[in-house]
Amino acid sequence: QQQKAIMDSISYAQTIQNSMLPSHEQMENSLPEHFILFKPREIVSGDFYWASDHMYHFYLVAADCTGHGVPGAFMSMLGIRLLQEIVTKHPQIEPDELLNMLRVHVMETLHQKGDPDEAKDGMDMVICKYNRQEKRLAFAGANNPLYLIREEELTEYKTDKMPVSIHEVMDPFTRHEIKMKPGDCIYIFSDGYADQ
C-alpha cells in the first residue's frame, strides 16, 4: 500500500514535469524535421529539453541535471523555469551569455558559495540559438558536446569542461557558430543514452 502511494505520487509528478516540456506542436513549428528520444529511467527525469521560439530565431536546449528520479526532476524544473525567465527578459541573448546567466541564477537559488561540504548540484547542457534568416547556428555547452553530420561526415564540437553550477573552474562559457547548409543534421543530448 505504501509503495502504491509513492508510485502514484511519482507518476503524477511525471504528468507535471511533462507539461513543462515543449509540446509536440511547438517543436513541429520551430523545427519540422526533428526527433526527440526521452525515456526517463525512473518515471520522472533529471534530463530535460527546452525550446523557445522568437520571430527570427529559436532556442533549443538538451540538459542533464545532477541526480536521477525525483531529485533530478526537481533540478530539471528549476532549469526550465530559469531558462524561461532569462529568455523572456533577454529575447536576443546569445547561448554563451545565457549559460553564464543561468549559472549565476542556479548558484543564487541553491545558495552555493563554494563551501567544501555543500551540494554541488547543477546541470550539463548544450544551448543552441538558430537564426532562420542567416541560417546560422550559435551554441554553447557545459560538459556536453554537439554533433554535426554533414555529407555523411561526423564532426564533434567539444564544449567547456565545467557544469552550470559552482565549480573549481568558472570561466565564461564559449560561443561556437556554424553556418548551416542544406542536409545538415545536428544532435544534442545528455549522457543518459550512452550511460545505459
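Start by selecting Glu177 and Arg175, whose side chains meet in a salt bridge with an N to O distance of 3.6 Å; the term stands for a side-chain nitrogen of Lys or Arg within 4 Å of a carboxyl oxygen of Asp or Glu. What you have open is a predicted model, in which local features need pLDDT of at least 70 and side-chain atom pairs count only at pLDDT 80 or more, while totals for chains, interfaces and linings use all residues. Residues are numbered from 1 along each chain as its sequence is written, and side-chain values use heavy atoms, with hydrogens and water left out.

Glu177 counts as partly exposed at 44% relative accessibility, as does Arg175 at 36%, where buried means under 20% relative accessible area, exposed over 50%, and partly exposed in between, with a 1.4 Å probe and protein chains only.

Now widen the selection to Asp96, Glu134, Arg136, Arg175 and Glu177, which are linked in a network of salt bridges. Centre on Asp96, which is found in helix α4 (residues 95–109) and is buried, with a relative accessible area of 12%. A polar contact of 3.1 Å joins the side chains of Asp96 and Arg175; such a contact is a pair of N or O atoms within 3.5 Å, and within protein one must be able to donate a hydrogen and the other to accept it, while residues adjacent in sequence count only if both atoms are side-chain atoms. Leaving aside residues up to four places away in sequence, Asp96 touches Ala140, Phe173, Thr174 and Arg175, a contact meaning heavy atoms within 4.5 Å.

For another of the salt bridges, of which the structure holds 11, select Arg81 and Glu85, whose side chains meet at 2.8 Å, N to O. Being 4 residues apart in helix α3 (residues 69–89), Arg81 and Glu85 are separated by about one helical turn. Arg81 is partly exposed, with a relative accessible area of 41%, and Glu85 is partly exposed at 30%.

Phe58 and Tyr130 have ring centres 5.7 Å apart and planes at 55°, so the pair is tilted. This pair links distant parts of the chain, with Phe58 in strand β2 (residues 57–65) and Tyr130 in strand β3 (residues 123–131), 72 residues apart, and both Phe58 and Tyr130 are buried.

Then select Tyr147 and Phe189, whose ring centres are 5.0 Å apart with planes at 70°, so the pair is edge-to-face. Tyr147 counts as partly exposed at 26% relative accessibility, and Phe189 counts as partly exposed at 28%.

Finally, show the whole chain, in which there are 5 helices and 8 strands. Buried residues make up 41% of the 196 residues.

How values were computed
Helix = DSSP H or I, 4+ residues; strand = E, 2+ residues; numbered from the N terminus. Phe/Tyr/Trp six-rings, centres within 6.5 Å; stacked < 30°, edge-to-face > 60°.
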